[in-house]
Amino acid sequence: MMLYAGCREKAPPAGITVLLEAPPDTLDDRFALTAHGQRLAQLISPGLLTFDDASAPVPQLAESFHDVSPTVVEFILRPGLTFHDGTALTAEDVKATYDSLRDPKLGSPKRERYEPLERVEVVDARTVRFHLKRPYAPLLAELSAAILPSERAGPEGIEAQATHPVGAGPFRFESWPDEEHLTLVPFPGWHGGTPALSRLTFRVVRDETTRVLELLKGRADLVVNAVSPAVLPTLREAPHLRVVTKPGTGFTYVGLNLREGPLADVRVRQALCHLIDVRPLVEHKLHGLAEPASSMLPREHWAFTATPACGYSPEEAARLLDAAGYPDPDGPGGQPRLTFTFKTSTDRFRRAVALVLKEQLAQGGVAIEVRALEFGTFFEDVRKGRFELFTLKWAAVMEPDLLRGAFHSGNIPGPENHWGGFNRGALKDPALDRVLDAATQAPREERRALYARAQEELDAQLPVIPLWHEASVAVVSSRLADFVPSAHGLLTPLAKAREIGRAP
């Protein structure tokens, strides 16, 4: 009580203030690689479809969609769609957007996702067809990309769309004076009706303690998945705040660099996994707001398969390290068998997790030097393979083809793909590649069986060590009503939320 008593501001700022722990990398969805960049882009420039909490595709700018044939998908746009500049959104804009994503001159890091797409056909102003080179099951996930005005879609529109974006979403861009502040305002022409929020102000507050104090003082109205579970009891006590949770699809893991050194040996990777006990982390650090993970896919996902997983076993870890040629040099508590650098962000919770992992690994003779870096520096190191161990979180896991993005040898980061590949640990497994490739062309039930095989192979290879799937947690002020968090941590529920004092 003493922490927040009497510290609320008497006159909070107009509109709703949302706190972010890091700035977006861009507001152009074609180039956005960070969760914040993608989520803010969705508010401004949505796509033809989106995904509900069960990861099922649902229409967004599209009114409907259906398969014309195994290699043709047709979308019908909602009638009367307009961009924020007042121009009509037509099938020509859809075609221009996807042509740009596939254009090597544009250089989108997402370009390879559209390799199966042969051409985009404009049937009429509201009808567009996607013609594929071959059946491609994950297509719908790739057709959620932001739709841009055709004049913005080409290379000449990159700078404008990145800094002053135009879309057809519920909120339009107002200002981005610096990387710490971004303001959006409601768009009266949105197909879902004018949002009931007078203004959205996004503020970047990198320090968690400051984020918590801003919430307690009434200077912020919403934080989504950016406060650690340890502070939630204090926030729940504040009369002007509420904590809303939902089972989430975010996936936290330990990344491993397989390129060279001890981590190139699967026995070492397995040993590290056997030394990590996720249960006390979930219970004490996450206060139960997570489920231990054995796969990138959450347990509720239609393609999830239970695998043996490594399990906590210091004895098995010791056996594996001995077999790999890293015996204990002088017995328990003495010199380590191995030493690694472990990179994480400066976020207090993530740093605390790293320190617990350090302690657990030390019990098995593996020494860890934790390096906490500012997020931008940390993420750049991860993207470019400058790490031994790191911990990160996939913000949301929906389309199971993400397994191909994360573990296929064709997705190892490098200059040729602008460092955009997600196989950051550089796993090379031809058999796994074949399974993941086959899953892109199979019917749903066959895909389920193929993804089961993929998860079993990943369980054996351990290119990453699964930790947990975190719940989606929103801290909401009494000034923001009707906000229901997304299982995927999206910000799109703001379009249906209401600002107290405004008519519904």
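The model is predicted. Strand 10 (residues 200–204) is largely enclosed by the rest of the structure, because four of its five residues are buried. A search of the whole structure finds 35 salt bridges.

**Strand 10 and its partners**

- Strand 10 pairs with strand 1 (residues 16–20) in the parallel sense, over five bridges.
- In strand 10, valine 204 has leucine 20 standing opposite.
- Strand 9 (residues 181–186) also pairs with strand 10, here in the antiparallel sense and over four bridges.
- Leucine 200 in strand 10 stands opposite leucine 184.

- Side chains of opposite charge can pair when their charged atoms come close.
- Arginine 129 and glutamate 74 form a salt bridge, with 2.6 Å between the closest N and O atoms. This pair links strand 7 (residues 127–132), which holds arginine 129, to strand 5 (residues 72–77), which holds glutamate 74; the two residues are 55 residues apart.
- Glutamate 74 is buried at 10% relative accessible area, whereas arginine 129 is partly exposed at 26%.
- Arginine 348 forms a salt bridge with glutamate 208, the closest N and O atoms lying 3.0 Å apart. Arginine 348 is in helix 11 (residues 348–363) and glutamate 208 in helix 6 (residues 208–216), 140 residues apart.
- Glutamate 208 has a relative accessible area of 3%, so it counts as buried, while arginine 348 is partly exposed at 38%.

**Other salt bridges**

- Arginine 111 and glutamate 112 form a salt bridge, with closest N and O atoms 3.8 Å apart.
- Glutamate 112 is exposed at 54% relative accessibility, and arginine 111 is partly exposed at 32%.
- A network of salt bridges links Glu179, Glu180, Arg206 and Glu374.

Conventions: Residues are numbered from 1 along each chain as its sequence is written. This is a predicted model: local features need pLDDT of at least 70, side-chain atom pairs count only at pLDDT 80 or more; totals for chains, interfaces and linings use all residues. Side-chain values use heavy atoms; hydrogens and water are left out. Buried means under 20% relative accessible area, exposed over 50%, partly exposed in between (1.4 Å probe, protein chains only). Two strands pair if DSSP finds at least two bridges between them. A salt bridge is a side-chain nitrogen of Lys or Arg within 4 Å of a carboxyl oxygen of Asp or Glu.
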